[in-house]
Amino acid sequence: MAENSEDLLRLRDVRKFFPVGGRLPFSKAREFVQAVDGVSFDVKPHETFSLAGESGCGKTTTAKMILRLERPTSGEITFRGNDVHSLRGQLLRQYRASVQAVFQDPWNSLNPRMRAGNIVAEPVVANLKLSRKEVRERVAELLHAVGLEQSLAESYPHEFSGGMRQRLAVARAMALHPSLIVLDEPVSALDVSIRAQIMNLLKDLQEKYGIAYLLIAHNLATVRYMSHRVAIMYLGEIVESGPTEEIFTNPKHPYTKALISAAIPVRPGEEQEENLLSDDVPSPINPPSGCRFHTRCPLAFERCSKEVPQYREFGSEHIGACHLYE
């Protein structure tokens, strides 16, 4: 993947292995859950970049490393050219202000004992030297931006609906004018009728404020609607990435094709491509040799079980790793 000085966030060959067992003296050697294994991608300013794939493929672990909730086993994560896990002092404070997160379940990420206005005001008070009047004005501005009435500032999270709580979580994430917001399944816990409202809100805020999003999602309809570019993850690796419409209309990797075939309904009169996923996902403790997808791939041949496929280009920014195209 080519270096680009305009990248906001950049990951290069990032790995995260979690040890399991072997913690006692004289016990057998440790095994490792290979949660993320050699992931590289970048996020540009003002765009939405998505990580998509089945549950357990490493998407959320990747997000946690970006948010400094986990430290990579190896590899490099940089934000505006600075190593994220080496930041200290003022640079670290600036990073925490510039990179925010909205999680799947707003109920677990909002303090139930704090009023909505105080939840939004907390990062402002902690990081900016503003008067009480200026803080109140900032809170009112943020609530308005996410479609909440100012009178709701005195309410508690339990008095809000799920969609309103997620709007509140978005308002808090925007409090410090971030450059990047990590969206970890931001609409999957919401009713279907509310999802489109929250997705449209996020797109409107991006257009208005120039925010970049890293979207973590397994719902491909959400990914297609929200994203400019997408990377498909399988067992800790990125198997294909590229511009969103290119990936959805011209997928190359059998795993990408299977995901799309299973998730996106066909139009009347079109034939469904028979490429559905079979069997369970192999254990990340002992992933298959060669191409990790070969044990579930209907097109696998002998080479797939022995050699790790290398990335190749299929078009502008469209890459994938599959022996079928070599």
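Guide: Leucine 324 counts as partly exposed because its relative accessibility is 35%, where partly exposed lies between buried, under 20% relative accessible area, and exposed, over 50% (1.4 Å probe, protein chains only). This is a predicted model, in which local features need pLDDT of at least 70 and side-chain atom pairs count only at pLDDT 80 or more, while totals for chains, interfaces and linings use all residues. Residues are numbered from 1 along each chain as its sequence is written, and side-chain values use heavy atoms, with hydrogens and water left out.

Leucine 324 lies in the segment after strand S12 (318–321), strands being DSSP runs of E with at least two residues, numbered from the N terminus.

The largest cavity contains about 80 Å³ of space, a volume being the space filled by probe spheres set on the grid points. Its lining comprises 13 residues, and Pro254, Cys291, Cys297, Cys304 and Cys322 are the closest to its centre, lining residues having an atom within 4 Å of a point. By class, that lining of the largest cavity has 10 nonpolar and 3 polar residues, with no charged ones; Ala, Val, Leu, Ile, Met, Phe, Trp, Tyr, Cys and Pro count as nonpolar, Asp, Glu, Lys and Arg as charged, and the others, Gly among them, as polar.

Conventions:
Helices (H or I, at least four residues) and strands (E, at least two) are DSSP runs, numbered from the N terminus. On a 1 Å grid over the protein atoms alone, a cavity is a set of points where a 1.4 Å probe fits but cannot get out, and a pocket is an open set with protein on both sides within 12 Å along at least five of seven lines; lining residues have an atom within 4 Å of a point.
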